[in-house]
Amino acid sequence: MTQPNGDARSWWKEAVVYQIYPRSFNDSDGDGVGDLGGVYEKLDYLDDLGIDVVWLTPVYDSPLADYGYDIRNYREILDEFGTMADWERVRDGLHERDIRLVMDLVVNHTSDEHEWFEKSRREVDPYTDYYIWREGDDGPPNNWDSMFGGPAWTYDEVRGEYYLHLFDPKQPDLNWENPGVREDIYEMMRWWLDREVDGFRMDVINFLSKPDGLPDGHPSQVVTGSEQFINGPRLEEYLWEIHDRVLSEYDAMTIGEMPGVSVEDARAYAGSDGPLDMVFHFEHMRLDSKETEEDPWDFHDWELDDLKATFTRWQEGLYPESWNALYLNNHDQPRQVSRFGDENYREESAKLLATFLHTLRGTPFVYQGEEIGMTNVPFEDVDELEDVETIRYVERMLERDDVENFEDIQDAVLYGSRDNARTPVQWSAEENAGFTTGDPWLKVNPNYTDINVEDARARPDSIWQYYRRLIDRRNEHPVLVYGQYELLAADHPQIYAYLRTNEDEQALVVLNFSTERAEFSPADHIDGEGELILANYDVPQSATLEDGLWQPYEARVYLLD
Ligand code: NOJ
């Protein structure tokens, strides 16, 4: 953790982060599962792309009920992924290339196979109260739901009590009220930081504090109980403790994953004086979903107005003291080009979305495969799915009278499943997209013959090459990192345009977020001349701010005089 954020410069503000979901990144030993050896093989690839930080989703020992977000041992690497020596090789290889390494910190819960839980269910001290246990005479102790659906409580035969799990029953929640739990977590964090990790992405970190008495949740909430355990009463205290006891001693980057946070919350948790550096909020992930209790995946089209309003609120709200973590997809979300772009304009819209993300104030997070415009996947059957959340969703929906078979909910699954993001990275047009010589653990998107890294790197006008240039532009022009954001033409139905301004420079970003041509003349909104520094169409260098016609998904960045 560096000094207060403010408008001060920091390496983690200037960085572009690349997220690796190792299971699907690259398989080095032919067992069909990506591994650390596979990451190692691609270090030069990451370096060539120009990213500064890798965020590695969990590689710890785990029974994989939630693909690694259920940790059995915080200090061991899962066999399938390799050994600690493999991890060290990756870390050193990244560091040699000046790329930092951020690990996933999953401390709201562990696996039920973690030694602490094994001991806790047998009431072996000091672990007896390491988890949240309650008696329940006539069923679960309160009405809270799990985030994956169904009750958040499971009865444990061994202990004869219910335990709380806000996710899968195999992910029991740790009891943060217990100082012993906190002490063990801090020691584990220091253990990794002493092994030269450069920070943590902190899984559902705003779920840590549960209110005294675990009161029932209000039935109006989509996930019953969520208003009780999101941003709970002692959360700030715990985050500060994490900061004071651990982070303050290291130059680490911290990003708290925080479903349900508002701008105001984010300022408290990650302001210039806050305990963390940034938060992942979810407001733009809700723009296309009605999320009712009956159907949490009730998707509809998102509206540009809402996108502008949401991003503008966060851009303005976190200025100047706080910092945005910018993302449009990750391992939990569908592919961004399929959701916020258009597969019929795949190349154009992928480049536009990249331009958007990298020219807002904040740190951009690129999710593996995004840099070649990987898309959602045509899953044909429930057997092709692996993600616990999706499988639970399908099971729950099939229990409804109005849902007869998978086809009835296929659209929602094809749009929303986390498996869309988790199919193997498409490296080449070879069998299994060059990801593995074995049988891939999850289907490869059949479009790999057209969409793959080998092809993208060979083509000068590819999405990959565009990312490369975009990252260069951001490095060359601090205004794109630090500049203040100002929305232009708020009511334009197709164009999203904004200015970025600091003491030395001013940039203008114009994005036609639509499949139709759009009319918009920047000169109507700003004076002076502009130099075009990036465009996703072949635009003459002489393009001026008077230009008034924008192609579908056209994106341009100008530096203003
Ligand atoms: C958020 C993680 O990103 C997701 O993959 C996981 O299922 C939940 N937290 C629970 O750990």
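Where does the ligand sit? The ligand sits in the largest pocket. This is a predicted model, in which local features need pLDDT of at least 70, side-chain atom pairs count only at pLDDT 80 or more, and totals for chains, interfaces and linings use all residues. Residues are numbered from 1 along each chain as its sequence is written, and side-chain values use heavy atoms, with hydrogens and water left out.

**Ligand site**
- A pocket is an open set of points on a 1 Å grid over the protein atoms alone, where a 1.4 Å probe fits, with protein on both sides within 12 Å along at least five of seven lines.
- A molecule sits in a pocket if more than half of its atoms lie within 2 Å of the pocket's grid points.
- The ligand is surrounded by 13 residues (a heavy atom within 4 Å).
- The closest are D66, R201, D203, H331 and D332.

**Polar contacts (N or O pairs within 3.5 Å)**
- The side chain of D66 has an N or O atom 2.4 Å from a ligand oxygen.
- For H109, the corresponding distance to a ligand oxygen is 2.9 Å.
- For R201, it is 2.9 Å.
- Of the 300 Å² of accessible area that the ligand has on its own, the protein covers 97% (Shrake-Rupley method, 1.4 Å probe).

**Aromatic pairs**
- The structure holds 41 aromatic pairs (ring centres within 6.5 Å).
- One of them, W116 with Y130, is edge-to-face (planes over 60 degrees apart), at 5.5 Å centre to centre and 75° between the planes.
- W116 lies in helix α5 (residues 115–121) and Y130 in the loop between α5 and β6 (133–134), so this pair ties together parts 14 residues apart in sequence.
- Helices (H or I, at least four residues) and strands (E, at least two) are DSSP runs, numbered from the N terminus.

Technical notes. A polar contact is a pair of N or O atoms within 3.5 Å; within protein, one must be able to donate a hydrogen and the other to accept it, and residues adjacent in sequence count only if both atoms are side-chain atoms. On a 1 Å grid over the protein atoms alone, a cavity is a set of points where a 1.4 Å probe fits but cannot get out, and a pocket is an open set with protein on both sides within 12 Å along at least five of seven lines; lining residues have an atom within 4 Å of a point. Rings of Phe, Tyr and Trp (its six-membered ring) pair if their centres lie within 6.5 Å; planes under 30 degrees apart count as stacked, over 60 as edge-to-face and the rest as tilted.
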